[in-house]
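Please look through the sequence and the structure below before reading on. The paragraphs that follow lead from one part of the fold to the next.

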Amino acid sequence: MDRPDPALRASVTMTAAGLAAAWLRGLGSRDVTAQRRLFVFPHAGAGASAYRLAAYLPDTVEVCTVQLPGRESRFAEPALTSLDEAVAALAPLIADHTDLPYAFFGHSMGSLIAFETARRLRALGTRMPDRLFLSGMRAPGLPDRDPRHTLPDDELLATADFDGVDAELRELLLLPLLRADLTLCETYTPRAEAPLPCPLTVLAGSDDDSVDETELADWRRHTSADFQLHLFPGAPHLYVRGTERELAEMITRTFPARG
């Protein structure tokens, strides 16, 4: 049997590395000091640069923020409208980088993607996250309050926070991206599966009018391990902006280094 061409093997390795780098911003950024990893899953309409948790976490934690197609460095790629497609792409890439203890943090749409990615990793038989931090999103299976992905452009624009953004950029790039992300969330139907063995910490701003405490507490049935619910007093839906330090401190306390 012919041996694989070394050059071909190197090419495949480089391609895989490039793919991982495109999807996981920050991967390898703390190679020398990292003892743990935190994979961050942004909210609808956001890219990896919207999250600055790395600046407030110790250098023993490597922060890898998911960069979905259709935004920032990947703006030329079509945005995904299926949660299953996003998870199918992400899970194998994360599975290749579970050599260190790791956790997930997802906000809003990111919570759903993080949750389903953990389920897919279980199906793949790979190492599971030590904890899932799920933020600003009702538990899977609960109905959306006011689905928006089918609204006409003008009505959808009226629901979005695009103040100060150039009108052409808003209509040509941001609006289609927001619609795609809302489609991904609002067409998601969770399959019946056993609860995850990972502990869950569910977070939200106490003044988040998109989700209430009962909807947040319903996440409890999706874990067979520890469950914690924490509300940031007086904070809105996008509480993450401006509370990175407090959030990072909570993650550090709850996701301790292993001996």
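Helix H7 (residues 244-254) lies across strand E2 (36-41), E4, E5, E6 and E7, and runs at about 165° to E7; here helices (H or I, at least four residues) and strands (E, at least two) are DSSP runs, numbered from the N terminus, while axes are lines fitted to C-alpha atoms, for helices over the stretch in contact, and angles run from 0 to 180 degrees between N-to-C directions. This is a predicted model, in which local features need pLDDT of at least 70 and side-chain atom pairs count only at pLDDT 80 or more, whereas totals for chains, interfaces and linings use all residues. Residues are numbered from 1 along each chain as its sequence is written, and side-chain values use heavy atoms, with hydrogens and water left out.

The strands form an open sheet of seven, in the order E1-E3-E2-E4-E5-E6-E7, with mixed pairing, where two strands pair if DSSP finds at least two bridges between them. The edge strands, each of which pairs on one side only, are strand E1 (24-25) and strand E7 (227-232). Strands of a sheet pair through backbone hydrogen bonds, either parallel or antiparallel. E2 and E4 pair in the parallel sense over five bridges, with Tyr 102 in E4 as the bridge partner of Arg 37. E4 and E5 also pair in the parallel sense over five bridges, and Gly 106 has Leu 134 in E5 as its bridge partner. Strand E5 (residues 131-135) is in turn joined by four bridges to strand E6 (residues 200-205), which runs parallel to it, and there Leu 134 has Val 202 in E6 as its bridge partner.

How many residues of E4 are buried? Six of the six are, so E4 is largely enclosed by the rest of the structure; buried means under 20% relative accessible area, exposed over 50%, and partly exposed in between (1.4 Å probe, protein chains only). Tyr 102, Phe 104 and Gly 106 point one way from E4, while Ala 103, Phe 105 and His 107 point the other way. His 107, which belongs to strand E4 (residues 102-107), counts as buried because its relative accessibility is 0%. Not counting residues up to four places away in sequence, His 107 touches residues including Phe 41, Tyr 51, Ser 135 and His 237, where contact means heavy atoms within 4.5 Å.

A nonpolar core is a set of buried Ala, Val, Leu, Ile, Met, Phe, Trp, Tyr and Cys residues joined through side-chain atoms within 4.5 Å. In the largest such core, which has 43 residues, Leu 24, Phe 41, Phe 104, Ile 113 and Trp 219 touch the most other members. Helix H2 (residues 83-95) gives the most to this core, with eight residues. A second, separate core of 20 residues includes Leu 38, Ala 103, Ala 248 and Met 250.

Helix H3 (residues 109-124) has 16 residues, which at 1.5 Å a residue should span 22 Å, and its end C-alpha atoms are 23 Å apart, which agrees; the expected span is 1.5 Å times one less than the number of residues. H3 is mostly covered, since twelve of its 16 residues are buried, among them Met 109, Ile 113, Glu 116 and Arg 119. After H3 comes Gly 125, whose phi is positive, near 75°.

If a disulfide is a pair of cysteine sulfur atoms within 2.5 Å, the count comes to zero disulfides.
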